[in-house]
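Work through the exercises below with the sequence and the structure open. Each task is followed by a solution in steps.

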Amino acid sequence: MCKFYFFTHYAMLRYTLALLAVMFVCSNYEAQARVVDFSNQNAQEPITGTVTSEKDGMPLAGANIVVKGTQAATSTDFDGNYSLDAPEGSVLVVSYVGFATKEITVGNDRVVNIFLQVDTNALEEIVLIGYGKQKAGDVTSAVANVKAEDFNKGQLTDAGQLIQGKVAGLAVTNANGDPTATSSIKLRGNNTLSGAYSDPLVLIDGIPGSLNTVAPEDIETIDVLKDGSAAAIYGVRGTNGVVLITTKKAKGAKINTVEYSGYVSTAKIARELDFLSAGQFRELYPESDLGANTDWLDEITRTPITHVHNVTLRGGSSQTNYIANINYNSQQGIFLKSDNQTFRGRLEINHKMFDDKLHLRFSLLGRENKYTSTGAGSSFRPGIYYQAMRYNPTAPIKNEDGNWYQNISKLGYENPLSLIKESDGNVKTSEMRYVGTVTYNPLEALTLNGNFSLTREPSTNGYSETLNHVSNIRDGFAGYSNIGGYTDTDKQIELTATYDKDLENHEFSVLLGYSYLSNEKEKYNMNNYGFQDDYFGGWHNIGVGNALQEGFAGMSSEKFKTNLISFFSRATYSYKDRYLLMASIRHEGASQLWGTNNAWGTFPAASIGWKITNEEFMNDQNLFNEIKLRAGYGVTGSQPADSFLGIGMLKYGDYAYVNGQWLRTVVPSSNPNPDLKWEEKRETNIGVDFSLKNGRLSGSIDAYERNVVGLLYSYNVSMPPYLYPTIMANGGNMINRGIEVLINTTPVETEDFSWNSTITYSVNENKLKSLNGSVFKTDYDFFDTGDVYYEGQTTRSHRVQVGQSIGNFYGFRVTDVDQDGKWIYEDANGNPVAYDDFSHAPEDRHYIGNGIPKWYAGFNNTFRYKNLDLTVNMRGAFNFQIINEARMNFEGTQNGYRDNRLSSVTDKVFGKTTLSPEVQAEYNSYYVEDGDYWKIDNIALGYTIDKFNTEIIKSLRVYGSVNNAFTITGYNGIDPEVNTSGLNPGIDRREKFPTVTTFTLGLSARF
Amino acid sequence: MKTKKISIAIGILLIMFNISCTELYDDSYGSVVSENFNPESEEDISALVNAAYVPWRKTMLLWNGVVRAQELSADQDVIPARIGIGWLDGYIYKRWHQHTWTTNDDSVYQSWSRTFEGINTVNRLLYQIDQGVIVLPDEDTQNVLISELKVLRASYYYILVDLYGNVPIVTDYSDTSLPQQSKRSEVFDFIIEEITNNIDNLSEEARGYYYGRMNKWVAHTLLAKMYLNAEVWKGEAMWQKCIEECNAVMASGNYNLEANQKNVFITENQDSREIIFALPMDEKYVTDWNAFDFHMYTLAQENQQTYDMAYAPWGGVCATPQFIDSFNPNDKRLKENYIKGQQYALSGEELSINYTNSVPSIDESDKDDGYRWGKFEYKIGSTNRLGNDFPVFRYADILLMKAESLMRSGQSGAGELVSEVRMRDFESAQEATVTDAELSMGSNYNYGRRDSYSQTYEGGSNITYGRFLDELGWEFCQEGRRRQDLIRFGVFTTKSWFSHDASDINKQLYPIPYDVMLTNSNLKQNPGYND
């Protein structure tokens, strides 16, 4: 099938192989010479000692010690001890991340204790840049780095929450309180609509994964590649930015430590909506009084307990070492049967051989996850919370006969507690990742790396409802049961060769690589009902339901397979450590585009940097330690998420009646679009990194412009000529512009007291520049999208229009009410129109808000007094609106369903009068609110003891924390932090699992 | 030396892995690249061709489809808001009833998009036959099939010319330019031309393989329907042509009236000789959620026990009390086509539901209010889908179309034909018989606004041939066509009933749906609606 591009790619492949071969050959001779040289080292007693921090005397584990001018090197163990062969008079070069490198000449004393000074120059830190690392000072693109000690603390369930508010331009949103939810992350606004990759690429030690693949406790650093020139090395997957998660490592020569950390936490709804009590409801709707007093929300809520335990073992020597991590996380949600249990184990073994030229790493990561289902294949059924809100508070929980109270006349009305109690099931997911890495340094300058990984994630789910479940009482699904599952298999092969060379004044490196990724998904599902009782059947014996015999049982399976193949190269060059250059290119093919004319794409990037402080004319100033200007341009892209959109495909359609028999029809599966191609994001970034006053004040400022060309989206088209009303096409151009500021300061630093502070700020502006391309043949420059739900009705919520921002709400605008409590609208021409005269035509709608925050800010503070530390992290989002679905559903006075109401139902509208009961529920501007908020998100108070009289325990820390502590906002819903992604951001869904405030007590100890 | 070996080993490994290719996956599962599917057997071809019929049942019966577009806007049926139960649904049913639909209401959109799906499928199949993708055994078979597909396409346009009038005529699948709109009269001519050009090729087989398909007799009936409405759709009366088409069907001898009207609507009605064109249905094979669910959206929840239904029904649509009052109380159709009064469980136990012929208003009603649809048999033990075939055209209609044409063209004989149909509905032949003169009298329907908000009394005596309109109403209620008849008799926008006030004449056409307008700027909105 490679007919057309066969030549190009095999040519490229050959080129890569040839280069690799040449490098091998060159390397062998040089390497041999050095081996001989090294074996002639004298056999003196080794130097031993400890490396400690001068500031607090803490041992530094993993510090590097090299005998200058030789290959002899080691690193310290966990207690900072080292041992190294070094002749008298030789020079030891000791380096450790975050500390100034020190050189010590060996005298006749064979014990050398070394004290390192904290290097407050942040630009000396090492950051990951994809297929390699760089000194922060040499980076020419927008990259952020957050270390474990700076992570948020408390009950945090995934990597996203660890760095929430810490990276300028990275919006981490925890839009709901379901314990199975992971945080959603967005970098620099929305950049794709229907691309295969809508979120930043998350790599765990180089292997794709998700924010919850590894336990938060097992993470050492998180690096974020923000701009296009940085992310382009990952090609299309990097189009939304890249989050590089580095797990904890075993470092040093003699290693033997155990660490434990754990915590217990509980939670409550961040803010409970104020619904009518039974008494208030009775007063308002006497005819619907059912006589009981029930607080439905209270009935389904509990005080949850969550506990987490993490044990890390490190052991071995500098030749062979390992780290093992075991993590158990048992979470309860605030609602009954909402939970999530995860067990994770990780083992990583490092082995160096052949004079440390060959480095083998093998790692194994297992994750076992299980949570309770109250809906088929789902976690907590969202409808339960919605039912608890709407349910009549005068309805009893149970009838006198002991059965659940139900009212099945009312459409979609279900006793919320019965939904929980009469259903059971769970979802179990395992994940195994096998990773093997071979790194070979035939020459000092040449690194060959092979990275092979296999990830398999099988998941099974089972679910049953009892005969007392409303599904049986109302719909005759006696004992409805469902089993299903999927297996997701990812394979990755990545081969890279890096050549680094330092010549006088010139420093350069070249990277060549090949990457092959494949994904295979298999899914199945079956359901059955018609069980005689609750004893013999259910999902553990699904075949015995009668629906199978009667022909109503359901069964389905699916399979998808995709792959992504890339060749890439990168070069960096620096002249006199003043002028920096990086350029990369990636040539990539995606199977999703198979059958189109554009399966392969090329994505280049380049960036430059200028370290002004290294110029001679800056020698005389003492204010700045470092100033670096950066500029970069990079192209990334995205293929569509689904395969086979470019060519005509057939699938089975509905049955048709042919000559007395029912026959499956065969129909086209979609509108084929042979012109379908890569969506391209072209990004320009300029920035400056600075550090002054010996690092007391440092930071960076970045400005960017992202141009997305050929936006993939399922656009509405005229049918006919098209077969279906939508087609996946490259239709629009979108632009995102923004500025990001990060400032680190240490306002106070004394021996006993310190105050560190980080400020982040980001502003983003988004605009749709055009809608064009082959599928657009209309004069209209907009389309409507998104849905809002209210009282049995659905309406389009958003409009996407050229010249406007993504995320605009589009609906009727009410400006006032008349004396009868009926809306006064603004018509298309801006004139006021009375309720009874208003046609509610689509032309009468207006822009009534936008759901994407224009700017975000974060303010993180750490105070340290002796052994006591206090962290206060705050963050906020500003200038955006929220559609409050709860109010739209539960504030109307008409109340045709006689559902419970918010107590605001009796409020005066526009301060004048209550809403007329003749006014229909609808989507209008009255339910759109400003969402601006400032959250005191994370407060943690900790106490550390590191001086013990016993050898057994080395350090101990206890802490307490509150997450999502306070929110300052004018918004009336539960939490203004709502979903901000996609084309329909800013809708606060009525059934959303409420967000929570959590309280945590934790402890960590090192042995 | 060691390192050299390692280098070589790694080099070999690299090469091995690299051979793994630069090939992109092209495995599709559960679907097939069109070019790889070469239909050969009769079954393969049927599987492709019969896809063109599926949209008929969907457009007619799915949620907010043609049945509702024809009934809920007319004077026989209404879905009132049922307090404490539901059916507010954004007031879409109220707007339907009051003719205040907006251009982006679902009620306006669904009939358009589902019907065009049928047209698209036909065009695709004709193209595939033309291109030799679908190869038929011989030229005759091919010609018959092409004709059948063209008449099928015309039948979809029959729905569109009625509901929307000015629609684009699209016949060429390979033309991907945006379609141009045609005038209603041009659409009318197109339908007539397509059917008359192809009718001679069609099969004369009325049942068997051609049951539920476009055979010659369905085509004649379709033509009769077109001519019957020609005055409205084309602006030119064609009564004589209608009579000729009816005569052709009558002369074929393939059809006759059922002895009992109910037999047309029973669960196993596929053998009824009254049915000319049916949409075959089956509760197992037709699996769309709302495939055919009259029982679900008319019966109250309590009736679940009456029919031992798997699902509790939702209790929505009922007859307007004024329409029920227009019936002769002895008419069996009143008794058999509506569910009324005290309801009982299958076991005979009394249920807490008693349907009354009164409904307060479109905004307010109780679960008991209004008589319910009961024309189609609701099988004991029904799921949410009925398996009765849905008759679009039936022989009684042939008789009444002919009668109406005779009457309107000043010929005699209408009374005789109508009486023939009525005979099965009354105990006494005297009551069943109706004369030409009676049929040209006014309507029994007591028109006027009649709800808790206001009461007006317009009556029906000034409706020309009003009594004939009544006959159509009594015979064809719940069959998804009342709007068409009301328009032909000039009643649709001029009379008030229940919570509906007389609207304006532009409401005789639905607007071009908003979403459709947005995708094709060649389209001009129908008169009376915002462009």
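A salt bridge is a side-chain nitrogen of Lys or Arg within 4 Å of a carboxyl oxygen of Asp or Glu. The model used in these exercises is predicted.

**Exercise 1. State how many salt bridges are counted between chain B and chain A, and check a pair against the cut-off.**

Step 1. The count between the two chains is 2 salt bridges.

Step 2. Take the side chains of Lys58(B) and Asp654(A), whose N to O distance is 2.7 Å.

Step 3. The cut-off is 4 Å from a Lys or Arg nitrogen to an Asp or Glu carboxyl oxygen, and the pair Lys58(B) and Asp654(A) forms a salt bridge.

Step 4. Polar contacts are counted separately: 20 residue pairs, both residues at pLDDT 80 or more, are in polar contact between chain B and chain A.

**Exercise 2. Describe the side of chain B that touches chain A by its elements and its residue classes.**

Step 1. List the elements of chain B that give two or more residues: helix H1 (2-18), strand S1 (32-33), helix H2 (42-49), helix H3 (54-61), helix H6 (106-130) and helix H22 (514-519).

Step 2. H1(B) provides the largest share, with 11 residues.

Step 3. Sorted by class, this side of chain B has 43 nonpolar, 30 polar and 21 charged residues.

Step 4. For the contact as a whole, chain B gives 94 residues and chain A gives 98 residues. The area buried between the chains is about 8700 Å², and carbon and sulfur atoms give 63% of that area.

**Exercise 3. Follow the chain from S36(A) to S37(A) and then to S38(A), and describe both hairpins.**

Step 1. S36(A), residues 782-790, and S37(A), residues 793-801, run antiparallel and are joined by 8 bridges. Thr785(A) is opposite His798(A).

Step 2. This hairpin has 2 residues between its strands, and Glu791(A) in the turn has a positive phi of about 40°.

Step 3. S37(A) is joined by 2 bridges to S38(A), residues 808-811, again in an antiparallel arrangement. Arg799(A) is opposite Asn808(A).

Step 4. The hairpin of S37(A) and S38(A) has 6 residues between its strands, and Gly803(A) in the turn has a positive phi of about 90°.

Technical notes
Residues are numbered from 1 along each chain as its sequence is written. Chains are lettered from A and ligands numbered from 1 in the order in which they are written. This is a predicted model: local features need pLDDT of at least 70, side-chain atom pairs count only at pLDDT 80 or more; totals for chains, interfaces and linings use all residues. Side-chain values use heavy atoms; hydrogens and water are left out. Contact means heavy atoms within 4.5 Å. Buried area is the accessible area (1.4 Å probe) that two parts lose on being put together, summed over both. A polar contact is a pair of N or O atoms within 3.5 Å; within protein, one must be able to donate a hydrogen and the other to accept it, and residues adjacent in sequence count only if both atoms are side-chain atoms. Helices (H or I, at least four residues) and strands (E, at least two) are DSSP runs, numbered from the N terminus. Ala, Val, Leu, Ile, Met, Phe, Trp, Tyr, Cys and Pro count as nonpolar, Asp, Glu, Lys and Arg as charged, and the others, Gly among them, as polar. Two strands pair if DSSP finds at least two bridges between them.
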